[in-house]
Amino acid sequence: MYYSDDLIEEVRAKNDIVDVISGYVKLQKKGSSYFGLCPFHNEKSPSFSVSRQKQMYYCFGCGAGGNVFTFIMEYENYTFLEALRYLAERAGVELPEQDESEESRKKAGVRSTLLEINKLAAQFYYAQLKDPRGEHALSYLKQRELSDETIRAFGLGYSGKSGKELYRYLKSKGYSDDILFKAGLIAFNEKSGPYDKFWNRVMFPIMDANSKVIGFGGRVMGDGQPKYLNSPETMIFDKSRNLYGLNRARTFRKPYFLLCEGYMDVISLHQAGFGNAVASLGTALTSGHASLIRRYVEEVYLTYDSDEAGTKAALRAAPILKEAGITARVIRMEPYKDPDEFIKNMGAEAFEERIGKARNGFMFGLEVLEKQYDMKTPEGKTEFMREAATRLTEFDEEIERNNYIEAVAVAYHVGYEDLRKLVGRMAVQKGLAKPVVRAKTASGREKENGIVKSQKILLTWLIEEETIFRQIEKYIKPSDFTGELYRTVAQLLYEQYEAGEVNPAKLMNHFTDEEEHREVAGLFHTKIKELSTAAEQEKALKETVIRVKSHSIEEATHNLEPADIQGLQRLMEDKRALQDLEKLHISVN
């Protein structure tokens, strides 16, 4: 669905960012801005700033920032289109439907219908649990020490024994067999026809981040198999991209999630006061889960079962989380199997102590590995240290690798320098680059990353300070920014300066793809190293401008065709501009 830039800007302009965010965060005016506690990370002192003049928000603590669309996308976990529609409805702006294709309308209609059906099913199951026919299911939940409040909060229910009750109920609401099958709630049998997918089970509604029911998990009453059954994947339910309990955990003010294996673990932890518990849905942790988690926290405590399967699951999960930029720690439940058993026997205070003693994911992996070797013999310990050294080669950043080498050396009573050398030898034996060589060969990538950071910093400066733009506009052009996204942002920003209206909130409307929108929001709030004096600021600014221009010239030189005379002339002009830049005095403010 495409909406014009003018219409998107109309929706944004009619939703004052202070008014919108005030509905989520208590704000207090200080000077020209408003401050409150950041809803995206845990803090005690307000560092979340909202500017009515700029129509932007920014957290000085965690770096979250953007316009009103960004806020709704991040807080409600909406796509850009969902945020646009939400804000349009709030402001009374009617969005046209005629541009939407028949296929898009049909797809949106099916999705909406599936959500309606799942909601009705959840209400039906909850009513069944309270019915005399669900007495044994309710008794089971009471035996698991769940309160009425917890049962209600999670919408727990019961599917009857007949195998036809939900089907008849939903048919009475006018739904076709085809749509009920697409919802994943009904199956078909050649002899008996349609029947309930779930029967004689305690039901766990699965909700997305916005508390919409998208599927179910069912725990069988008795000895039936499988013990737990989940909804099949549907248009609205992808188990590899959803987490049980996320709708509640994302609003719990903790900087980390407790990642569990099962529904009951999550529910027990929430009931005990640990409202930041979530669980993957009957599947191993995926990169999709990790990306979803990364939207909310940067640290995860794995609370998997203490048996062999749980240990293996934790070892598999840790590198997936690390790849997504999430620090993983492991909580052990011994002598109990899982968080549910632990909480019931030891209580919340003891669990809090276990959180405090959680093991770093990498070090936990070594502890598990250690059990495979006879550490009392020189041979066994040597083989173990070789394997540990091999694992240490997997850290790409030299500083991080050296820190872990130091931690392992201390934990296993070996010399730091000896272990560092062993890591280098194991890297060569395994066909990997030596750590010291890797640092050298990575210089190109480090340089590239440095250029990206320089371009981000320069864009942040250009938006904040018109005086800077006026001093460098004839030296730095949008084409000097590498990468299509940064170049587009620079082009739009330069056009706004030419029009006499610099409006970053409006500029962001140009980007409706969710990932692009979030990245552009970050461009306007790049963290710049604190510089205490004007001289330091001016020196840093000049170095940044020269770095961006120099890289642009290098790129142009590399891509220049031998016969491109005009390109060569432009290159010579750029080199002269660079010489002028090196002599230029750039002032801040």
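Okay, let's start at Glu-165: leaving aside neighbours within four places in sequence, Glu-165 is in contact with Phe-124, Gln-128, Arg-133, Gly-160 and Asp-196, contact meaning heavy atoms within 4.5 Å. Before I go on, this is a predicted model, so local features need pLDDT of at least 70 and side-chain atom pairs count only at pLDDT 80 or more, while totals for chains, interfaces and linings use all residues. Residues are numbered from 1 along each chain as its sequence is written, and side-chain values use heavy atoms, with hydrogens and water left out.

Back to Glu-165, then. Glu-165 sits in helix H8, residues 165-172; helices (H or I, at least four residues) and strands (E, at least two) are DSSP runs, numbered from the N terminus. Is Glu-165 buried or exposed? Buried, because its relative accessible area is 16%, and the cut-off for buried is under 20%, with exposed over 50% and partly exposed in between (1.4 Å probe, protein chains only).

Leu-292, in helix H12 (residues 287-294), counts as buried too, at 9% relative accessibility. From its C-alpha to that of Arg-401, 109 residues apart along the chain, the separation is 27 Å.

Now the sheet. We have an open sheet of four strands, in the order E6-E9-E10-E11, with antiparallel pairing; two strands pair if DSSP finds at least two bridges between them. Twist from one strand to the next averages 35°. E6 and E9 pair in the antiparallel sense over three bridges, and Ser-159 stands opposite Arg-201 in E9. Helix H6 (residues 135-143) packs on the sheet, touching E6, E9 and strand E10 (213-220), and its direction makes about 70° with that of E9. For the angles, axes are lines fitted to C-alpha atoms, for helices over the stretch in contact, and angles run from 0 to 180 degrees between N-to-C directions. Helix H11 (residues 263-271) lies across E9, E10 and E11, at about 75° to E9.

Last stop, the lining of the largest cavity.  Among the residues there are Ala-153, Phe-154, Pro-205, Met-207 and Tyr-244; on a 1 Å grid over the protein atoms alone, a cavity is a set of points where a 1.4 Å probe fits but cannot get out, and lining residues have an atom within 4 Å of a point. Strand E9 (201-207) and helix H10 (246-249) each give two or more residues to that lining.

Key: 1 Å grid on protein atoms, 1.4 Å probe; cavity = no way out; pocket = protein on both sides within 12 Å on 5 of 7 lines; lining within 4 Å.
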